[in-house]
Amino acid sequence: MIREFTSAEVLFIVMAVRWTLILSAIAFLGGALGGLLIALTRTSASKGLRRMAAGFIQVFQGTPLLMQLFLVYFGLAVVGLPINPLLAAAVALTLHASAYLGEIWRGAIEAVPSGQSEAASALSLSYRDRMRHVVLPQALRLAIAPTVGFLVQLIKGTSLASIIGFTELTRAGQIINNATFQPFLVFGTVAALYFILCWPLSLLARHMEARMRRAITR
Amino acid sequence: MTEKAIIMRAVNKYYGAFHALKDIDLTVDRGERIVICGPSGSGKSTLIRTINQLEAIESGTIIVDEIELTAGGDNVTKVRQDVGMVFQSFNLFPHMTVLENCVLAPMKSRKVSRTEAEATARQYLERVKIPEQADKYPAQLSGGQQQRVAIARALCMKPRIMLFDEPTSALDPEMVKEVLDTMIDLAREGMTMLCVTHEMEFARAVADRVIFMDKGVIVEENAPDAFFNNPVNERLQNFLGQIA
């Protein structure tokens, strides 16, 4: 029996937005923590640590997100954890976001003139205080626009979690389409919902980038 | 007890294959004012940057205020608390006000209370003659004012030694004097100072000793009069001829 594409179906899809948002939020917050760690490791004085962080970044930037999802999803079973699509998607997207945010923030940290860190060192500030009070606040300003830009990528990236069976926005669309056979309408709705999530963020990123450029040229 | 502020023995520094400092021996008495000059790439900035270990050395010994810098532990932190530094490009923290620039290190490194740190900061800003700029951001100040803030910021740590790395080289000519005057005041108060500078008037006015470096070696050192009037080394004669 073929169902109609009615308001109930639309509601089902709209409700799935929350899982896209939850997954995005977990990945972004986890990725922010991981990314900070990667960025600090990547800019540390130790060559060994720098190489390790660089290796991590290269692996996650050099492989498709879908493969990362597969590997974590099936990897959970290998290490004896229950197969859980949300857990797998959250872990894989967190690792993915850590690598990308780590690289963005490394660039921002390195863009802070070395004289800043030198002056802080000469004032006998510890590494922790140098980073916390001098380098990171300045790097943060540089990093905001590209970070919001990456968040947009991440939200769209969560759609791949549908393939390992996690019912977020895209998967909800597939379920409704399988029942209604109205792919254009269904996926049009899904796409529109992604757009509503991402477009304001893109605008925000562009606005902040323009503000940044004005601040630099001032 | 001999009051030596800084003792450097057989200090060597390399940048890869480049030998930046060659067997440097230098002793600085407490209260002594030393001016270091020399052509660019001679190692003069590198020399003073080894004193607070902004540059690590490959071999030799550096003892600052009886603390052996090269012995490890938290000696580097202790030495840096005692040694203030002023840079060519000021290196003020642009996201903090002048006052915040001045209180950060005393509060974080010396664990001084905010009230006390701010009182000290205002006192030093007064001394470098810009108390009214305390709540401005560095970008709102002229180059000369920024460098005076940088001097005040370093003094807020109550250092016993001050290092100056070409403090007037990035300034417009009309601002050089205000910074030099501040440095001269400091010298008159008995601060131990090492200044890398080409301001020969400053050297004549306050230096106890002038050092000429070339290719990583201390080539000649003397009291200002003898240094400028009777230079022995040929490279120094050429150098003085060029900057005169």
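The model is a predicted one. Ala122(A), Leu123(A) and Ser124(A) account for 34% of the area that chain A buries against chain B, more than any other three residues. In terms of contacts, 16 residues of chain A meet 22 residues of chain B. The size of an interface is often expressed as the accessible area lost when the parts come together.

Polar pairing across the interface was examined next. Between chain A and chain B there are 5 residue pairs in polar contact, with both residues at pLDDT 80 or more. Two helices of chain A, α5 (114–122) and α6 (127–157), each supply at least two residues of the side that touches chain B. The most is given by α5(A), with 7 residues. By residue class, the side of chain A that touches chain B comprises 7 nonpolar, 6 polar and 3 charged residues.

The count of salt bridges between the two chains is 1. Arg49(B) pairs with Glu118(A), and the closest N and O atoms are 2.8 Å apart. This pair belongs to a network of salt bridges that links Glu118(A), Lys13(B), Arg49(B) and Glu55(B). Side chains of opposite charge can pair when their charged atoms come close.

Arg49(B) lies in α1(B), where it is one of the buried residues. The buried residues are Lys44(B), Thr46(B), Leu47(B), Ile48(B), Arg49(B), Thr50(B) and Ile51(B). Gln53(B) follows α1(B) and has a positive phi, near 55°.

Gly144(B) is 59 residues from Met85(B) in sequence, and their C-alpha atoms are 16 Å apart.

Salt bridges were then considered over the whole model. The total over all chains is 20. In chain A, the side chains of Glu9(A) and Arg3(A) form one of them, at 2.5 Å from N to O. Glu9(A) is buried, at 5% relative accessibility, whereas Arg3(A) is partly exposed, at 40%.

Two further pairs lie in chain B. Asp74(B) and Lys78(B) meet at 3.9 Å, N to O. Asp74(B) is partly exposed, at 45% relative accessibility. Lys78(B) is also partly exposed, at 40%. Lys177(B) and Asp181(B) form a salt bridge at 2.8 Å, N to O. These two residues are separated by about one helical turn, because they are 4 residues apart in helix α6 (residues 173–188) of chain B. An α-helix has 3.6 residues a turn, so residues three or four places apart point the same way. Lys177(B) is exposed, at 57% relative accessibility, while Asp181(B) is partly exposed, at 31%.

In chain A, Gly157(A) is located in helix α6. Gly157(A) is buried, with a relative accessible area of 12%. Apart from neighbours within four places in sequence, Gly157(A) contacts Leu65(A) and Leu93(A). Pro137(A) is 20 residues from Gly157(A) in sequence and 29 Å away in space, C-alpha to C-alpha.

For chain B, an unreviewed UniProt entry carries the annotation "domain: ABC transporter" over residues 6–240. This span is 38% helix and 26% strand. The C-alpha atoms at its ends lie 27 Å apart.

Note on methods. Residues are numbered from 1 along each chain as its sequence is written. Chains are lettered from A and ligands numbered from 1 in the order in which they are written. This is a predicted model: local features need pLDDT of at least 70, side-chain atom pairs count only at pLDDT 80 or more; totals for chains, interfaces and linings use all residues. Side-chain values use heavy atoms; hydrogens and water are left out. Contact means heavy atoms within 4.5 Å. Buried area is the accessible area (1.4 Å probe) that two parts lose on being put together, summed over both. A salt bridge is a side-chain nitrogen of Lys or Arg within 4 Å of a carboxyl oxygen of Asp or Glu. A polar contact is a pair of N or O atoms within 3.5 Å; within protein, one must be able to donate a hydrogen and the other to accept it, and residues adjacent in sequence count only if both atoms are side-chain atoms. Ala, Val, Leu, Ile, Met, Phe, Trp, Tyr, Cys and Pro count as nonpolar, Asp, Glu, Lys and Arg as charged, and the others, Gly among them, as polar. Buried means under 20% relative accessible area, exposed over 50%, partly exposed in between (1.4 Å probe, protein chains only). UniProt positions are given in the numbering used here, feature names are shortened, and annotations may be inferred rather than shown by experiment.
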